[in-house]
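Hi,

Here is the structure I said I'd pass along.

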Amino acid sequence: MEILKVENLKKYFPVQKSFIEVLFSKELEFIRAVDRINFSVEEGEILSLVGESGCGKTTVGRMLVGLEEPTDGKIIFKNKDLTSLRGEERRAMHRYLQIIFQDPYASLNPKMKIGDHLMDPLLIHGIASNNEAKKMAIEMLERVGLVPAEQFFNRLPYQLSGGQRQRVAIARAMVLKPEFVVADEPVSMIDVSLRAAILNLLLSFKEEYRLSMLFITHDLSVARLVGDRIAVMYLGKIVEIGGVDEVIHEPKHPYTAALLSAVPSFEKRDLRIDIKGDVANPRSPPPGCRYHPRCPFARRECREIEPDLVGDTHKVACHYPLEIRVD
Amino acid sequence: MMVAIAEIAERTEGNDNVLKIRNLSTHYFSRRGVLKAVDRVSMDLKKQEFVGIVGESGCGKSTLAFSIMRLIQPPGKIVEGEILFNGKDLLKLKDEEMRKVRGKEIGMVFQDPMTSLDPLEKIGDQIVETIQMHEDIGKNEALEKAMKLLESVGLPGDRVNYYPHQLSGGQRQRVMIALAIALNPTLLIADEPTTALDVIVQEKIMEILQNMKEEGRSIILITHDFSLAAEKSDRIVIMYAGWIVEMGDSSKLVKEPMHPYTEGLLESVPDIWLQKKIKTMPGFPPDLINPPSGCKFHPRCPHAMEVCKREEPPLIGVNERLVKCWLYK
Amino acid sequence: MKGIGDTMEVKNLATRIFRPIIPEAEGRNMVIAGLIIVIVILLMAILADLIAPYNPTKLAGRPLSPPSLENPMGTDNLGRDILSRVIHGSRIVLVVVFSAAIVSMSIGVPIGLISGYFGGKLDRAISMIMDSMYAFPSLILAIAIAAVLGPSVVNAVVAISVVYVPTYFRMVRGQTLSLKSRLFVEAARAAGAGNTRIMSRYIFPNLVTTAIVVFSLSIADAILTEAGLSFLGFIVTAPTPDWGFDLSSGRPYLPSGYWWMITFPGFMVMLLALGFALIGEGLSEVYAPGRER
């Protein structure tokens with residue numbers, strides 16, 4: 001069963017222009033952060049969304065939870081198009097759709113007790129009375145390993161370490177027993193020795209709640225560990241999507257292969273696939289395949305025609321997909 | 001086989017050690033107390049060796065690097081030890097002499113290139129300035145040298161006419177490396193040079209560092225990324241809470257970790273090519289103002305014994321490895 | 001050595017009293033000094049009847065006699081004891097500036113919060129009105145309002161309140177603009193929180209310290225404005241003691257060498273303003289951005 005389906009999702013940000021530019025040109029320019037992407041997530045599945053900084057992966061997550069208004073496209077969640085819902089109706093959906101942010105230092109209110117961070121969502125959605133909410137909050141603090149929970153309940157964020165704060169952020173998202181969670185780089189600001197604990201905690205919730213997740217990360221190793229499937233984004237487009245093993249061991253897109261050969265590992269595999277230059281400016285992405293200026297295999301077709309994301313379970317947006325196997 | 005440290009030191013003595021750090025301590029003094037960021041650390045670096053110093057935030061790895069450069073600012077202070085660089089003790093040099101060592105003999109690359117580049121000056125001019133500060137050559141000659149330097153780090157020579165903001169993060173870091181090697185130092189210290197960068201750019205920067213090594217320089221790479229250090233360096237130094245807890249040949253250390261911290265770190269890091277579950281390491285990094293008694297790792301250690309709570313473990317030499325743990329006594 | 005030990009003792013005592021309220025940080029000593037000044041003057045106002053040696057409106061010695069043991073600050077042109085008038089004179093200024101600051105805060109803070117949070121046309125309109133008010137020198141604006149309303153303590157409170165509303169508005173609006181894009185506010189929004197909840201539980205608590213700082217600083221400024229209004233006769237009439245008013249009654253005698261009539265009330269105005277300024281400046285350092293609390 002599909003729990004979430006994204007259709008032709010698009011987000012263009014107007015470019016801030018200087019006064020002079022406004023005077024002399026009338027045309028509005030856009031950053032094409034997310035450009036007509038399609039994907040779906042099954043019930044109880046984790047989809048890892050991988051890409052380098054600026055590829056648009058965070059914007060996708062923010063659109064799902066309503067922090068960014070899509071320019072175009074549909075987000076179908078539990079058979080309802082979220083983009084058509086407004087106000088109270090839209091907010092009610094947050095009960096089932098939560099987000100965990102990257103920065104545990106900025107995501108908690110410095111003036112609010114840890115306990116209140118957990119009680120607030122319950123009170124907002126009228127799920128529990130004050131007393132029940134407090135009980136549920138304490139149970140949840142115990143569940144994420146912040147014990148003694150009564151003590152943590154009364155603390156302020158500044159009294160907690162980064163790892164502990166991220167546990168609070170996870171607890172806040174989970175206290176509503178959501179059906180879908182967007183996790184936006186939840187461990188990239190956490191100390192190395194504490195990352196495993198946070199990742200295992202997230203995975204334990206997946207088991208317990210049959211949770212579905214969009215796990216956004218720049219780190220392919222983490223994406224592989226937590227994901228059932230992986231989607232690779234480049235310049236606002238999904239270039240490859242498929243099962244974890246398919247994408248890692250049989251990468252079809254040259255960009256995926258280039259990423260794979262660059263990931264540091266204790267047992268490095270050299271895929272011998274090169275990548276040229278730097279990422280293009282998302283204000284004016286290259287014509288044809290957006291990756292062609294950096295692709296060692298680019299041919300004429302790649303420069304002219306934009307490839308569609310095609311395939312059965314393992315889809316790729318490339319005119320000349322690779323046929324390799326890495327073990 | 002167990003060998004005394006002195007013996008190991010003996011063995012490496014006479015080898016072409018570029019850098020010898022002995023018993024170095026750097027402390028930070030705050031209202032709450034004394035923070036021992038680097039606590040009696042000793043290590044060597046051979047000529048043309050690539051060493052990775054691995055540890056979490058707050059373990060003292062950056063403080064160690066800044067201590068070598070003598071760039072520690074108050075409330076921090078180097079309180080004891082020796083840093084022998086090509087035989088001379090850097091800690092005994094006058095400020096003026098140390099300034100000549102920086103850049104000319106030891107170059108450093110920082111995590112955030114934007115903080116070390118002047119946003120209002122073309123990068124060519126910044127490199128020229130650095131060169132002319134130490135070398136008596138004309139502007140044109142220096143500019144030509146700057147272009148060559150940029151080419152050696154994989155940037156087109158015409159980038160000398162660019163301002164820092166016109167470059168991407170990766171390109172700026174390349175400029176930083178060019179600046180660091182402008183005076184041809186024999187030792188290059190890179191402090192988390194790729195933390196803010198994407199993996200593909202990271203790979204390119206690492207290639208440059210390895211080229212620098214091939215050219216005969218010694219490299220110290222400071223990173224929190226164990227797998228990156230394992231992949232790129234000849235030798236790994238693991239730091240925890242201001243101590244060096246283990247050091248040895250990269251591939252052997254990764255294959256057979258000896259210190260429980262190294263082992264725990266290895267088990268908790270996901271790896272793209274190794275199919276494994278990751279294990280949670282218990283506990284939190286310690287508060288360094290009130291560190292645990294005895295071995296600073298004992299509260300998190302699965303093998304902790306009575307002695308670990310009471311006494312600081314010695315640094316023990318086992319074959320070519322050094323490990324600071326009671327398990328091997 | 002003993003002397004040094006004694007001052008240390010006093011300092012430690014003060015530190016012990018204030019530690020629970022003010023976090024240990026740079027600027028704390030400024031706050032403590034300011035608090036001491038303000039508390040002493042407050043006590044003086046509350047206990048005026050007990051500590052003033054004479055009735056402030058009755059004859060207490062020969063007119064215009066210089067400071068002496070009987071009249072430590074001398075007497076005025078009607079033979080009233082200046083010390084007693086200074087002690088009693090603290091009452092009106094404190095009542096006026098506190099009430100005015102509370103009124104302008106309770107108007108300026110919510111308007112700034114709502115205006116900054118929702119933005120749009122309403123925000124632009126309010127901002128324009130506030131900015132144009134802010135552009136006026138505070139005393140001139142207060143005089144204009146007081147002149148329209150007529151002289152009385154209540155009218156003075158109204159006049160001064162109006163003057164300081166834009167100060168609160170600007171600070172709060174600016175803070176709200178930056179707070180509303182902070183991650184923890186987005187997190188609340190993603191949890192489904194509505195606007196009222198976000199404003200009251202996520203933004204407002206983070207404005208409180210700023211509001212307290214502005215409160216102290218605006219009081220410091222309002223003290224001078226009050227003295228100005230009083231000097232011009234917009235607050236009290238004779239024989240009520242008030243520092244600003246006493247300054248104006250002493251002014252004609254200064255050229256003849258009777259310096260004490262204006263020196264002491266003038267000094268008190270300055271001291272009280274200094275006390276609040278120290279609290280405000282000190283607090284803004286204690287709560288400087290970057291500090292967690």
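A quick word on domains before anything else: the domain bounds come from an automatic or database domain assignment. Also keep in mind that this is a predicted model.

With that in hand, chain A splits into domain 1 (2–227) and domain 2 (247–327). Their C-alpha centres are 28 Å apart. Where the two touch, domain 1 of chain A puts in eleven residues and domain 2 of chain A puts in nine. On the domain 1 side, strand 2 (30–42) and helix 9 (220–226) of chain A are the elements giving two or more residues, and strand 2 of chain A gives the most, with four. That side of domain 1 is made up of four nonpolar, three polar and four charged residues.

Next, the chain A and chain B contact: 31 residues of chain B meet 32 residues of chain A. On the chain B side, helix 8 (199–214), helix 9 (226–232) and helix 11 (260–268) each supply at least two residues. By class, the chain B side has 15 nonpolar, nine polar and seven charged residues.

Last, a helix pair in chain C. The axes of helix 4 (residues 82–118) and helix 5 (residues 120–135) of chain C come within 7 Å and cross at roughly 135°, so helix 4 of chain C is oblique to helix 5 of chain C. The crossing is left-handed. From helix 4 of chain C, C:Ile111, C:Ser115, C:Gly116 and C:Phe118 take part, and they meet residues of helix 5 of chain C including C:Leu122 and C:Ile126. This helix contact counts four nonpolar, four polar and one charged residues.

Cheers

Key: Residues are numbered from 1 along each chain as its sequence is written. Chains are lettered from A and ligands numbered from 1 in the order in which they are written. This is a predicted model: local features need pLDDT of at least 70, side-chain atom pairs count only at pLDDT 80 or more; totals for chains, interfaces and linings use all residues. Two residues are in contact if their C-beta atoms, placed from the backbone, lie within 7 Å. Ala, Val, Leu, Ile, Met, Phe, Trp, Tyr, Cys and Pro count as nonpolar, Asp, Glu, Lys and Arg as charged, and the others, Gly among them, as polar. Axes are lines fitted to C-alpha atoms, for helices over the stretch in contact, and angles run from 0 to 180 degrees between N-to-C directions. Angles under 35 degrees count as roughly parallel, over 145 as roughly antiparallel, 65 to 115 as roughly perpendicular and the rest as oblique. A crossing is left-handed if the near helix is turned anticlockwise from the far one by less than a right angle, and right-handed if clockwise.
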